[in-house]
Amino acid sequence: MQHKPFSDEYFMQIAINEAKKAFENDEVPVGAIVVLNNQVIAKAYNQTEILNDPTAHAEMLAITSANQFLGSKYLTDARLYVTLEPCIMCSGAIFWSKISALIYGASDIKNGFMKIENNLNQNITLSHPKLIIKGGVLEEEASILMKDFFKKKRKF
């Protein structure tokens with residue numbers, strides 16, 4: 001399906017294409033991109049198995065790539081699109097990188113930061129005050145990819 005250029009759906013589709021690469025590489029199918037001034041400056045997908053690294057989540061790799069591209073540790077005007085709600089580790093990276101917006105597809109009811117944040121003390125927040133958070137963008141497509149991956153895993 002063709003989405004309006006530069007819309008959240010348009011950019012999420014690019015992240016979903018990254019998640020499909022993860023699926024093809026037998027990785028949990030999560031994809032992420034970083035967008036600055038409507039330009040994709042970084043793309044990544046989960047590579048925990050390939051790199052034998054539990055921190056090689058799509059979000060972490062995309063943030064690192066964007067930092068290197070810009071030559072800066074902060075991504076203050078950038079938006080992160082990720083197909084699955086980030087975990088607490090990735091939300092920490094989002095916090096420290098000062099990304100302006102997090103847009104995600106499917107919710108992660110087991111490991112997502114929103115569930116964890118809601119269970120923590122009200123004085124603790126995993127997102128900086130200016131961060132815009134929007135979930136549910138192309139949620140069905142992202143969810144189907146995850147479900148198909150785990151169905152395939154259970155067959156073996």
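These notebook entries record what I looked up in a predicted model.

I began with the largest pocket, whose volume is about 620 Å³. It is lined by 22 residues, and those closest to its centre are Val28, Leu84, Asp108, Met146 and Phe150. I then sorted the lining by class and noted 9 nonpolar, 6 polar and 7 charged residues. Which helix gives the most to this lining? It is H5, residues 139–155, with 5 residues.

**Entry on helix H5.** I next checked the length of H5. Its 17 residues should span 24 Å at 1.5 Å a residue, and the end C-alpha atoms are 25 Å apart, which agrees.

I then asked which residues of H5 are buried. I listed Ala142, Ser143, Leu145, Met146 and Phe149. They lie on the same side of H5, because the arc they cover around the axis is only 160°.

On the face turned away from the buried side of H5, I found the exposed residues Glu140, Lys147, Lys151, Arg154 and Lys155. For the buried residues of H5, I recorded packing against helix H1 (8–24), strand E3 (79–84) and strand E4 (101–106).

**Entry on Pro129.** I located Pro129 in the loop between helix H4 (113–119) and strand E5 (132–134).

Notes. Residues numbered from 1 in each chain as written. Predicted model: local features only at pLDDT ≥ 70, side-chain atom pairs only at ≥ 80, totals over all residues. Heavy atoms only, no water. 1 Å grid on protein atoms, 1.4 Å probe; cavity = no way out; pocket = protein on both sides within 12 Å on 5 of 7 lines; lining within 4 Å. Points joined across faces, edges and corners; volume = space filled by probe spheres on them. Helix = DSSP H or I, 4+ residues; strand = E, 2+ residues; numbered from the N terminus. Nonpolar A, V, L, I, M, F, W, Y, C, P; charged D, E, K, R; others polar. Expected span 1.5 Å × (residues − 1). Buried < 20%, exposed > 50% of the residue type's maximum accessible area, 1.4 Å probe, protein only. Arc of directions from axis to C-beta. Contact = heavy atoms within 4.5 Å.
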